[in-house]
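Please walk through the structure shown here step by step, moving from the backbone to the core and then to the ligand.

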Amino acid sequence: MRFPIHIATDMVKWQAKNWLRGTDRYPYVLMLEPLHTCNLACIGCSPERYSGDLKDRMSVEQCLKAVDDCGAPVVSICGGEPTIYPELVELIDGIIARKRHIYLCTNGLLLDRFYRKGTPHKRLAINVHLDGMKKTHDFVTDRAGVFDKAIEMIREGKRLGYFVCTNTTVYRETSLEELEEMCAFLDGVGIDGMLLSPGYHYAKLDDEHFLVQQETHRKFERVIELAKKYRINSTPLFLEFAAGRRDYPCTPWGTPNYTPKGWKGPCYVIEEKYHDSWDAFMKGNDWAYWESRSDPRCRDCAMHSGFEPSVVRKMGGSLRDVWTMMRWQFAA
Ligand code: SF4
């Protein structure tokens with residue numbers, strides 16, 4: 001099974017509830033950034049965004065209010081680096097008490113600190129950022145030793161009984177051979193799942209490192225092959241989209257992003273405006289425009305956060321797609 005059954009059933013219940021209410025647009029995964037402080041300066045991150053002061057972090061109450069207001073069944077705690085957040089255990093406990101599922105997205109450098117205080121729970125998954133094997137990952141994170149520490153923490157997480165997965169951005173520098181080497185290596189470590197997502201080409205970021213559309217398609221054709229051999233958690237329909245075999249509108253409201261500056265609109269990548277409240281975010285963006293991908297900044301985007309929700313949103317329209325997803329979910 002790709003995703004633990006309790007996550008899959010809660011997601012289906014959430015969709016049924018919204019369908020009965022007649023709600024067209026509703027979130028699937030809240031991307032919660034309790035802080036904008038990080039202990040790395042990776043090449044894929046905007047430097048001004050993640051060099052924030054720890055004192056400017058959000059309170060646990062603010063974070064939990066966002067969880068309540070948004071209602072998404074899954075909360076991805078990112079940042080910044082969430083293991084720096086002093087109240088992390090309290091925040092996780094509060095989210096679990098609300099019966100939500102958590103992906104704790106981390107570079108792994110301070111995970112041992114979290115392991116000493118936290119407790120494994122079926123609603124908590126550790127999601128370690130890993131952008132290739134040692135040479136590439138240390139290059140992308142701009143620091144030697146980050147790969148080794150991440151692997152050490154993955155092994156330790158498994159030993160302690162956590163559900164541990166990885167999150168990989170596929171860059172222009174990522175060789176397809178290396179990607180396969182990484183999948184085989186992580187398989188040997190006993191990883192519970194690997195999420196592979198294209199880097200996005202957006203003028204505000206450094207053009208050199210992100211994939212343009214043709215390259216994305218070529219690389220993800222190969223990822224589709226890898227997914228037949230390894231536990232890749234990106235859905236098969238998303239991989240087909242990333243490989244250019246199918247098309248989707250964007251679903252930016254499916255993975256809203258709450259940060260110390262407020263609710264970021266319209267999406268994780270484009271910072272047009274921060275909204276003070278969930279209602280202001282949902283009402284204050286021209287969703288039809290952003291779904292259409294007609295903005296020039298959307299041209300080369302195949303972001304996981306924009307299009308995995310599109311897979312879920314559009315799946316009901318095709319019995320074949322439903323069957324593909326069911327076979328994938330229940331695969332060993
Ligand atoms: S396609 Fe969607 S996720 Fe990508 S930049 Fe545009 S609005 Fe954002």
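This is a predicted model: local features need pLDDT of at least 70, side-chain atom pairs count only at pLDDT 80 or more; totals for chains, interfaces and linings use all residues.

Asp142 has a positive phi of about 60° although it is not a glycine, and its place is the loop between helix 5 (134–140) and helix 6 (146–160). With a relative accessible area of 58%, which is over the 50% limit, Asp142 counts as exposed. Arg293, likewise a residue other than glycine, has a positive phi near 60°, and Arg293 is found in the loop between helix 11 (287–292) and helix 12 (304–315).

Leaving aside residues up to four places away in sequence, Ser76 touches Val29, Leu30, Met31, Leu32, Tyr103 and Cys105. Leu32, in turn, has contacts beyond its sequence neighbours that include Met58, Cys63, Val67, Val75, Ile77, Leu91 and Tyr258.

In soluble globular proteins, nonpolar side chains tend to be buried together. Here the largest nonpolar core holds 94 residues, and Leu32 and Phe114 are the ones that touch the most other members. Helix 2 (residues 60–70) gives the most to this core, with 6 residues.

What is the accessibility of Arg116, buried or exposed? Arg116 is placed in helix 4, residues 111–117, and Arg116 is exposed because its relative accessible area of 67% is over 50%. From Arg116 to Val322 the separation is 206 residues in sequence and 41 Å in space, taken from C-alpha to C-alpha.

Finally, the ligand. The space that the ligand takes up is the largest cavity, and the residues around the ligand are Cys250, Cys267, Ile270, Trp290, Cys298, Cys301, Gly306 and Phe307. Sorted by class, this shell has 7 nonpolar residues and 1 polar residue, while no charged residues belong to the shell.

How values were computed:
Residues are numbered from 1 along each chain as its sequence is written. Side-chain values use heavy atoms; hydrogens and water are left out. A residue is near a molecule or strand if one of its heavy atoms lies within 4 Å of it. On a 1 Å grid over the protein atoms alone, a cavity is a set of points where a 1.4 Å probe fits but cannot get out, and a pocket is an open set with protein on both sides within 12 Å along at least five of seven lines; lining residues have an atom within 4 Å of a point. A molecule sits in a cavity or pocket if more than half of its atoms lie within 2 Å of its grid points. Ala, Val, Leu, Ile, Met, Phe, Trp, Tyr, Cys and Pro count as nonpolar, Asp, Glu, Lys and Arg as charged, and the others, Gly among them, as polar. Helices (H or I, at least four residues) and strands (E, at least two) are DSSP runs, numbered from the N terminus. Buried means under 20% relative accessible area, exposed over 50%, partly exposed in between (1.4 Å probe, protein chains only). Contact means heavy atoms within 4.5 Å. A nonpolar core is a set of buried Ala, Val, Leu, Ile, Met, Phe, Trp, Tyr and Cys residues joined through side-chain atoms within 4.5 Å.
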